[in-house]
Amino acid sequence: MPAELIDGKAIAASIRDEVAHDVATLTARGVVPGLTVVLVGDDGASATYVGAKEKASVAAGMAGSTLRYPAGITQEELLRVLSRLNADPTVHGILVQMPLPKHIDPDTIIRHIVPEKDVDGFHPVNVGKLLIGHTDGFVSCTPAGVIELLTRSGVETRGADAVIVGRSNIVGKPMAALLVQARAGGDATVTVCHSRSRDLGAHTRRADILIVAAGRANMITGDMIKAGAVVIDVGMNHVPDATRAKGTRLVGDVHFDSAVHVASKITPVPGGVGPMTIAMLLRNTVRAARQASGISTR
Ligand code: NDP
């Protein structure tokens, strides 16, 4: 029997409904949650992501705005923009779209955002809180979204062997930190694989929960998956496809057609992890507004 699909679109929609409810409660008390996205340069993909974030925040009832700067902006100028946003009480969440032009150091930029407004969860203070298990920080949106996909699909993480492929700071590492925490949605035994791992398949075949974030189209095939495993595909790869108007199509890091006959549950690409990332960004922003205002919405 083919695997059950984990419907990221539907789960993200219910999170966005919850966010809209919280936004309405806060707004009624005089606090409109505000997300400001900073976009530097004219990279087409970044502009698309930023547009989607602004649209989603406005749809949830938030004050969403995008500040656009030319690629030639200096690091000092950008730091001044962030200082202004840090001090602005109507801005609860700040997100600087990556990648930045080469002459700007992303770590300096991330460290300049006050942790209380770092709704991307990239600031070292928030990363540290995640690792320690403090829940008042912000967690990187994609791995936080994966935990929601698992828990809302009834997947038991406690005691499970979870294997993550990829060790980036935005997906793999925070994913491992979440799954290892001693709480619901955690308590897993976690293995993190990367390009230097010996015999990747030996690791992935042990996984009850396999999470793949490597950025390599179709790299995990059905024979690398344990029968009945839950498979979460974070990968987003544009591969050539002459049958599509754009000339490309989006595929994950998991070879879906072979994996779907081995796994018990699997996320599709598109429609799996992708929609969760923005939903979690909105949730982080509404929480930033709640924490800043001291107003409870529950
Ligand atoms: P990075 O390129 O930063 O990291 C990729 C990781 O995969 C690295 O740790 C790398 O190892 C590892 N890796 C690469 N090739 C192999 C291999 N052959 N075997 C084992 N490990 C390997 O990517 P990101 O984490 O930023 O993103 C990963 C994927 O997820 C991309 O496709 C990206 O587009 C997608 N993504 C999707 C999001 C969504 O909203 N759905 C959000 C963020 C990312 P090493 O460290 O040794 O180089």
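Helices (H or I, at least four residues) and strands (E, at least two) are DSSP runs numbered from the N terminus. The second largest pocket has a volume of about 580 Å³. Of its 22 lining residues, V139, E148, M280, R283 and R287 are the closest to its centre. Helix 1 (8-28), helix 6 (141-152) and helix 10 are the elements that give two or more residues to this lining. By class, the lining has eight nonpolar, six polar and eight charged residues. Here Ala, Val, Leu, Ile, Met, Phe, Trp, Tyr, Cys and Pro count as nonpolar, Asp, Glu, Lys and Arg as charged, and the others, Gly among them, as polar.

The model is predicted: local features need pLDDT of at least 70 and side-chain atom pairs pLDDT 80 or more, while totals for chains, interfaces and linings use all residues. Residues are numbered from 1 along each chain as its sequence is written, and side-chain values use heavy atoms, with hydrogens and water left out.

Pockets and cavities are found on a 1 Å grid over the protein atoms alone: a cavity is a set of points where a 1.4 Å probe fits but cannot get out, a pocket is an open set with protein on both sides within 12 Å along at least five of seven lines, and lining residues have an atom within 4 Å of a point. Points are joined across faces, edges and corners, and a volume is the space filled by probe spheres set on them. The structure holds one cavity of 30 Å³ or more. The largest cavity contains about 40 Å³ of space, and its lining consists of V96, M98, I110, I113, D118, D120 and F122. Five of these lining residues are nonpolar, none is polar and two are charged.

M98 also takes part in a cis peptide bond, to P99, with omega near 0°. P99 sits in the loop between strand 4 (93-96) and helix 4 (106-112). D187, which is not a glycine, has a positive phi of about 60°; D187 is in the loop between helix 7 (172-180) and strand 6 (189-193). Most residues other than glycine have a negative phi, and most peptide bonds are trans.

The ligand has 22 residues around it, of which R167, S168, S195, M236 and T277 come nearest; a residue counts as near if one of its heavy atoms lies within 4 Å. This shell has ten nonpolar, ten polar and two charged residues. Polar contacts are pairs of N or O atoms within 3.5 Å. A polar side-chain atom of R167 is 2.8 Å from a ligand oxygen atom, and a backbone N or O atom of M236 is 3.0 Å from a ligand oxygen atom. For T277, a polar side-chain atom lies 2.8 Å from an oxygen atom of the ligand. Taken alone, the ligand exposes 920 Å², of which the protein buries 71%; accessible areas come from the Shrake-Rupley method with a 1.4 Å probe.

How values were computed: Polar contact = N/O pair within 3.5 Å; in protein donor to acceptor, adjacent residues only side chain to side chain.
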